[in-house]
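Welcome! Take a moment to look over the sequence and the model, and then we will walk through a few of its parts together.

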Amino acid sequence: MLQPYPNQRQKGQNYLKSNTKMAGKWQTRFSGKTLLALRGKIIESPYKAKVLHCRLQPTQANKRARMVGVPFDCLTNPLGVVRLTFEKAVSLGSDPATFDGKDWGAIDLFREFLFDKGGLSQVPILDHASIRWIEPNSLVRFRGMVQDMLGNEFYAGAFKDGSTWRTNKFTDVASFPMDSSTEVKVWERRLLYCVPVPAQNSWTQPRPSEPVTTRNKDQAIQHGEKRLREDDAATHSMNLHASEHELHSSPPCTKKLCQGMLPSQPQGLVDNCSNLSMMPDFNQNSLPCLVKIYDSPESDLKLNDVFEFVGVFTFNPELSVHIDESDEFSNGLEDALVHLPPSKVPRLHCFIHRKLSIHDFLSFPMIEPMPHLVRGIRDGLLRHLTSLLGNDGVAAQCMLLHLLSKVHARVDTVAVGKLSLNLTGFTEESISVFRNQLNLAMQSLLPFTQVVPLTVEYLNSTSLAPRKDYQTNRLVTGVLQLAEGTHLTIDETQLKAGTLNSTGVENVRLLKNLIEWQKVDYDFEYYKMEMTSDVQLLILSEGKSNILPADLVLPFCPSAVCSCENGGTEVQQGWRWYLTTLRSLPHSIKPEMQKIIEDDLVAARQADRSLGSQDFSRWLTMARLMSVSFGETCLSLEHWQMVRELERLRRERM
């Protein structure tokens with residue numbers, strides 16, 4: 001019978017000590033968050049009572065973790081930095097118990113290396129290509145969106161090796177053997193499942209990383225061999241006493257390590273070959289990553305945010321999760337991790353993370369949006385959009401405002417700043433020409449773009465909203481789980497008469513809520529969770545869409561079919577910078593301008609009683625965007641009059 005403990009952490013500490021068996025294996029059962037004990041070869045984390053198995057002798061992964069690079073080489077041996085700064089802090093009198101949730105100086109060294117000394121550019125980016133040559137336990141970067149938040153896990157953060165305190169922070173496996181009498185400090189970390197940003201266009205991808213040349217290679221090998229000899233001496237007697245039964249019951253790869261490896265054999269090359277043979281064939285843009293977060297408030301990381309994570313890359317194909325079906329408490333995190341094996345999902349133990357904006361995906365440098373520079377780029381982009389839209393100048397003006405829109409505030413349920421655009425009047429002939437041109441233009445101008453072909457079959461069969469799968473304890477992504485700033489084109493011209501099933505009806509409701517309120521309901525089976533979005537929506541349709549009520553409806557009137565010239569790489573980069581930079585400019589309206597606007601709105605209402613609050617709200621949004629399009633942060637009378645004229649021309653077409 002489990003005894004109650006004052007808190008989950010004490011519970012984990014007591015079980016970590018008391019349930020260790022001297023036969024070389026141990027098991028733990030407790031209700032609460034995850035406990036991950038790191039003792040030699042580790043079977044990965046449990047959640048709410050998980051049976052773990054762990055061998056006391058160091059494994060191939062353990063030894064590799066200690067021989068990569070030389071001490072205080074932040075790039076090739078980040079764990080050496082962690083280990084030595086920890087030992088230094090303890091030697092100066094710090095209590096390891098106080099390090100839970102705190103840095104003891106290691107992160108400061110990485111910040112200095114990455115930002116003060118310009119080391120960030122040397123850190124390889126982890127992707128489907130670089131994972132084939134990046135050395136495990138080296139420093140990497142990963143850019144991605146938080147697709148799922150798997151919860152927290154406990155792990156043996158610090159332990160006493162004889163009279164010496166050591167740490168397992170930022171690792172999946174212990175660097176030193178631990179026995180049943182070891183004093184352990186149980187710490188906590190968060191697990192995030194991250195994926196490449198959905199709908200990310202190829203021009204935003206960074207240059208492929210080049211293999212990092214190991215510095216002081218001879219010194220590193222000598223250092224690794226010395227550490228290996230020390231490890232083998234420490235564990236030789238333990239291995240001699242391993243039972244014959246245990247050896248024969250080991251997994252095949254473990255038997256190979258026990259029987260075939262010589263103590264003095266350099267394992268780096270062997271490990272590399274082993275990893276390559278077990279490396280899965282990742283497809284482009286499909287490499288996910290399980291990011292482990294330390295010492296960071298939960299409010300810092302949110303679902304669907306895009307981050308750059310810098311930390312230790314670990315890839316241990318042998319690491320696995322085994323669920324004890326007889327465990328009455330078995331559910332939760334281990335259900336998710338068993339479907340995310342290291343052979344498919346690499347691990348990154350994060351030192352530093354930063355939230356990325358759209359500007360971080362541009363190669364154009366950040367410069368001040370000076371008025372003369374902005375006007376020149378604006379004129380060129382407007383000419384490009386006009387040509388793209390068959391010389392329809394009104395449509396080009398509306399498209400420019402649409403591309404600059406974003407949600408910059410929320411008042412109650414209203415998303416202030418959004419401007420969805422519905423271009424109507426497409427025929428079968430015109431849509432076949434302009435649809436492709438528009439899609440290519442959006443892909444070349446914006447970092448994240450996606451097209452949804454709206455048909456009855458699509459609505460009835462597609463999962464637009466993310467949903468919780470309680471069998472795997474995972475959030476299954478949907479089409480509408482998108483990063484902030486994504487552009488979504490909905491092609492309604494293919495929608496024909498038909499019958500919607502329950503899935504189709506729900507999908508229509510989801511699209512309508514997204515376009516009206518910039519919100520998506522995530523399906524947790526027993527309830528819905530409302531998540532805010534910031535997605536630009538462009539609807540192409542024959543007539544005014546009855547399904548998707550856009551903010552701005554404009555009949556499309558092309559007069560020609562023009563060849564779409566992009567203007568060259570430098571010109572395109574200028575357009576991308578323009579759209580990214582100006583949409584984030586602050587904006588205000590002076591009191592005297594507010595009085596003019598109020599008088600104009602009253603006069604418009606008296607002239608046309610059909611005008612309502614939604615129309616006036618749209619005018620103000622368009623006025624802000626028109627002012628911003630010129631690089632201005634304060635609305636002028638000229639720009640307000642331009643919006644009034646644009647609205648007049650639009651209404652003439654209705």
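Predicted model: local features only at pLDDT ≥ 70, side-chain atom pairs only at ≥ 80, totals over all residues.

**The chain as a whole**

The chain has 654 residues, and buried residues make up 54% of them. Its secondary structure comes to 18 helices and 20 strands. Among contacts with a separation of 6 or more, 76% are between residues 24 or more positions apart.

| Helix | Residues | Number of residues | First to last C-alpha | Expected span |
|---|---|---|---|---|
| α12 | 428–445 | 18 residues | 26 Å | 26 Å |
| α14 | 502–517 | 16 residues | 22 Å | 22 Å |

Let us begin with α12. Its reach is close to the expected span, and yet the helix bends by about 25 degrees at F434. F434 is also one of the buried residues of α12, a list that includes I431, L438, M442 and L445.

Just after the helix, Q518 takes a positive phi of about 55 degrees. The buried residues of α14 are G504, N507, V508, L510, L511, N513, L514 and I515. Their cover includes α13 (456–461) and the strands β16 (487–491), β17 (519–523) and β19 (536–540).

In soluble globular proteins, nonpolar side chains tend to be buried together. In this model the largest nonpolar core has 55 residues, and those with the most contacts inside it are L381, L389, M399, L400, L423, Y578 and L579. Helix α11 gives the most to this core, with nine residues. At least three residues come from each of domain 2 (371–581) and domain 3 (585–653).

Which residues does L389 touch, leaving aside those up to four places away in sequence? They are A395, A396, M399, L423, F434, L438, F556 and P558. A second, separate core of 47 residues includes I134, C350, L454 and I515.

T449 is found in strand β13. Is T449 buried or exposed? It counts as buried, because its relative accessibility is 12% and the cut-off for buried is under 20%. The T449 side chain makes a polar contact of 3.1 Å with the side chain of N201. Beyond four places in sequence, T449 touches A199, N201, M442, Q443 and H487.

R605 has its place in helix α16 (residues 591–607). At 32% relative accessibility, R605 counts as partly exposed, since that class lies between 20% and 50%. R605 and F616 are eleven residues apart in sequence, with their C-alpha atoms 9.4 Å apart in space. F616 is also among the residues that R605 touches, along with S610 and L611, not counting residues up to four places away in sequence.

Terms used:
Residues numbered from 1 in each chain as written. Heavy atoms only, no water. Helix = DSSP H or I, 4+ residues; strand = E, 2+ residues; numbered from the N terminus. Expected span 1.5 Å × (residues − 1). Buried < 20%, exposed > 50% of the residue type's maximum accessible area, 1.4 Å probe, protein only. Contact = heavy atoms within 4.5 Å. Bend = angle between axes of the 7 residues up to and from the residue. Core = buried A, V, L, I, M, F, W, Y, C linked by side-chain atoms within 4.5 Å. Domains from an automatic or database assignment. Polar contact = N/O pair within 3.5 Å; in protein donor to acceptor, adjacent residues only side chain to side chain.
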